[in-house]
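Hello,

Here is the structure I promised to pass on. Please open it first, then read the notes below.

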Amino acid sequence: MFGDITTNPYHLETIIRSDLTKALRSLVPELLEEAQLAIHNHLKIPDSKDSVTITVFPTIVHLDSQVTNRAMIGAPGCRNEKFLKKQVSVAEEVIPMSQVLNWFPAFLRPAVWKLFCVTVGAKDGAVRLVIPYIQSRIDHAQQDNPSTITDLLLRYAPPEDLKEVAKLAARVVHLNMAAIHTSGIFTTHALFELARMAPEQVEEIRTEILAAIDSEGGVCNKAAVGKFYKLDSLLKEIGRFHSLFSVGSSRVTLREAVIADGTVLPEGSVVAFAPKPLHHNPQVYHDPHTFDPFRFSKLRTGDNAVRDIQQSFTNLSNDYIVFGLGKHGCPGRFFAALKIKVILSELLLNYDVAFPKGASHSPKPFAFNIFTVPNPTAKLVFTKRK
Ligand code: HEM
């Protein structure tokens, strides 16, 4: 679907797993500025009112796409509404389309996908709209002082990709696809949970955020965000409780393998992991069917750094596979966690959230194929805090 991206994934190892994670410290001020701008635009409260009601999931996904692209391509590209709309549509098309493609014989699939892209699909449009911003980064040789993921891409791109900007643009669109909806799902779940939680618990999260910022001289930098332990715990519990997929991290066995119960998997077997039973294992999680926002922050004691890190949202383990497992575990998870916390802390410090009067406090999630996402039409009321 995305050309040589899967056969030559140079953007994965070095750029996302290593360089982006190292660059997170310098990215925080820009993510914060973009989150403030995007929140202001998406949660506009009319002068005559003190609150606004929004449809959470699509609004948050759009808001996230702006913040993500501040890191991906920089400003002003990250505020190009046409590009952001197309980019969001790409992910919404690719998953259903991958199912449709399965109806066709393998040799016809590339042609069917191409036909879809040039007629109704959003991918070619998103690629076209992002090209000028990538060209501008090439022209201004930002590689020496990289400040966006695109600059990092330019540093590692083979010479032929630098001559064919559309190839780089397709990589940016592809990365955005992995980055936006996943984060939007967590942010939306978090807002629904915050609206359901006891006000004292919400206040506990706010107090901790303010204390962390205070401890960094009043600046919301990476170190401050690293001390949002209760917010981190809430996100980790969301991942445990609201599985995004019924099976994930699929792998193909390269040779015959025997698993712990003696089952023999012949070479070429497709295996995948089911998060729900793992995440509800009573031997690992006390009272696993109860949602406890502070389940993981309560386990941090401050006197054992290794144990404390094991409680963090981004820690991969066999008992927590929200970001997958092993070598192919999500390389963007540190960026994702930081971005979600920046957006949520801005929302929490500036707004109270509640379900509209009479609305269900448990909006039914939307399930399709192996995925379950938050209800796409449920609303929340955002009231400006005094
Ligand atoms: C809360 C947000 C996110 C969640 C829950 C998530 C989850 C996942 C999962 C489950 C995988 C598959 C891992 C496996 O096969 O074991 C994955 C892979 C991946 N994710 Fe994420 N992700 C998130 C955010 C991001 C972001 C922000 C980026 C990019 C900046 C990103 C980039 C990728 C890439 C490139 C892969 C493929 C890795 C590979 O094949 O080696 N993800 N993600």
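**What I found**

The protein chain holds 14 helices and nine strands. Its radius of gyration is 21 Å, close to the 21 Å that the globule rule gives for 386 residues, so the chain is as compact as a globular protein of that length. Please keep in mind that this is a predicted model.

Some overall numbers come next. The C-alpha trace spans about 60 × 60 × 45 Å along its principal axes. Of the 386 residues, 36% are buried. Take the contacts with a separation of 6 or more: 72% of them join residues 24 or more positions apart.

**A helix pair**

Look at helix H8 (residues 165-196) and helix H11 (residues 229-241). They pack at an angle of about 105°, and their axes are 10 Å apart. An angle of 65 to 115 degrees counts as roughly perpendicular, and H8 and H11 are therefore roughly perpendicular to each other. On the H8 side, the contact uses Phe186, His189, Ala190 and Glu193. These meet Leu234, Leu235 and Ile238 in H11. By class, the contact has five nonpolar residues, one polar and one charged.

**An annotated cysteine**

Which residue does UniProt list for "binding site"? The unreviewed entry gives Cys330. Cys330 sits in the loop between helix H13 (305-310) and helix H14 (333-350). Is Cys330 buried or exposed? Cys330 has 20 other C-beta atoms within 10 Å, and a residue with 20 or more is buried, so Cys330 counts as buried. Leaving aside residues up to four places away in sequence, Cys330 touches Phe323 and Gly324.

Best wishes

Terms used
Residues numbered from 1 in each chain as written. Predicted model: local features only at pLDDT ≥ 70, side-chain atom pairs only at ≥ 80, totals over all residues. Helix = DSSP H or I, 4+ residues; strand = E, 2+ residues; numbered from the N terminus. Rg over C-alpha atoms; globule rule 2.2 N^0.38 Å. Buried ≥ 20, exposed ≤ 12 C-beta atoms within 10 Å, placed from the backbone. Contact = placed C-beta atoms within 7 Å. Axes fitted to C-alpha atoms, helices over the stretch in contact; angles between N-to-C directions. Parallel < 35°, antiparallel > 145°, perpendicular 65-115°, else oblique. Nonpolar A, V, L, I, M, F, W, Y, C, P; charged D, E, K, R; others polar. UniProt positions renumbered as here; feature names shortened; annotations may be inferred.
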